[in-house]
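Thanks for coming. I will talk through a few side-chain pairs today, so please have the structure open while I speak.

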Amino acid sequence: MPIAICYHSLVAVRAEPSDKAEMVNQLLFGDLVVTTEISGHWIKIKTIHDDYEGWCDYRQIHILSDENYDLILQLDQQLVSDITARLSLQGHPGYTLVLGSTLHLLPDGLMNGPAGKYHLSEGESHTPLLRSPEDLIETAMLYLKTPYLWGGRSPFGIDCSGLIQMIFKLNGISVRRDAAQQALEGQTIHLIEESKTGDIAFFDNAEGRIIHTGI
């Protein structure tokens with residue numbers, strides 16, 4: 001199955017192959033996906049970092065050759081650490097990136113992109129690493145005042161589980177996409193008095209289904 005990469009700032013991932021379908025997720029610049037099925041101009045994808053499935057417009061992702069995919073796997077990664085950043089290449093349109101976008105670093109310190117070697121002309125990036133639980137809270141505060149958006153993963157619109165996933169991603173920890181999936185990870189705390197900074201809280205409905213999360 002072909003591998004593709006997102007070379008756009010944000011790409012909507014929908015539940016069905018239709019512009020009218022529910023947006024269930026978003027790809028950020030640098031996200032890698034497995035492509036599994038085509039329907040018209042829609043392509044079904046599964047994100048490599050969390051195995052989340054959905055449909056996106058095939059014109060909004062870039063299919064990689066086996067050689068280029070192998071190259072990307074060998075590159076170090078950094079994440080955009082500002083609310084926005086600018087990726088530039090002289091003579092080509094640049095990209096406005098959002099917090100948490102993935103940059104694949106070439107050996108010369110520049111960044112892989114669709115037209116060659118790019119550089120960050122605005123904004124900062126960092127290698128994700130959790131040094132203390134307080135880092136999670138500091139990251140969470142970057143998303144203050146972000147509007148709620150079902151399926152969102154950016155500072156311009158995010159949902160509850162997307163927020164948790166991005167907070168931990170920016171600190172080098174991979175968690176699943178949906179709240180119900182996240183509730184199956186980690187270690188369960190049975191008493192609220194045992195909770196610590198950076199722990200994730202989950203909320204269920206009358207049927208016992210996890211429907212919300214917070215930190």
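Phe29 and Tyr95 are both buried. Please keep in mind that this is a predicted model. A pair of aromatic rings is described by the distance of the centres and the angle of the planes. There are three aromatic pairs in the structure. In one of them, Phe29 and Tyr95 sit 5.6 Å apart, centre to centre, with 55° between the planes, and the pair is tilted. This pair links distant parts of the chain: Phe29 lies in the loop between strand S3 and strand S4, Tyr95 lies in strand S10, and 66 residues separate them. Ring pairs also join Phe29 and Tyr95 with Tyr7 and Tyr118 into a cluster.

Now to charged side chains. Side chains of opposite charge can pair when their charged atoms come close. The structure holds six salt bridges. One of them is between Asp31 and Lys169, with 3.7 Å between the closest N and O atoms. Here too the pair links distant parts of the chain: Asp31 is in the loop between S3 and S4, Lys169 is in helix H3, and they are 138 residues apart.

Is Asp31 buried or exposed? Asp31 counts as buried because its relative accessibility is 3%, under the cut-off of 20%. Lys169, at 17%, counts as buried too.

Asp31 and Lys169 are linked with Arg153 in a network of salt bridges. Arg153 belongs to strand S15, residues 153-154, and is buried, with a relative accessible area of 1%. A polar contact of 3.1 Å joins its side chain to that of Asp31. A polar atom of the Arg153 side chain also lies 2.8 Å from the backbone oxygen of Gln26. Beyond its neighbours within four places in sequence, Arg153 is in contact with several residues, including Leu28, His49, Met166 and Arg177.

Arg177 brings us to another salt bridge, formed with Asp159, where the closest N and O atoms are 3.2 Å apart. Asp159 is in the loop between strand S16 and H3, whereas Arg177 is in the loop between H3 and helix H4, 18 residues away. Asp159 is buried at 6% relative accessibility, and Arg177 is buried at 0%.

One more salt bridge, and then I am done. Which side chains meet at 2.6 Å, N to O? Those of Arg59 and Asp57. Arg59 counts as exposed, at 55% relative accessibility, whereas Asp57 is buried, at 10%.

Notes. Residues numbered from 1 in each chain as written. Predicted model: local features only at pLDDT ≥ 70, side-chain atom pairs only at ≥ 80, totals over all residues. Heavy atoms only, no water. Helix = DSSP H or I, 4+ residues; strand = E, 2+ residues; numbered from the N terminus. Buried < 20%, exposed > 50% of the residue type's maximum accessible area, 1.4 Å probe, protein only. Polar contact = N/O pair within 3.5 Å; in protein donor to acceptor, adjacent residues only side chain to side chain. Contact = heavy atoms within 4.5 Å. Phe/Tyr/Trp six-rings, centres within 6.5 Å; stacked < 30°, edge-to-face > 60°. Salt bridge = Lys/Arg side-chain N within 4 Å of Asp/Glu carboxyl O.
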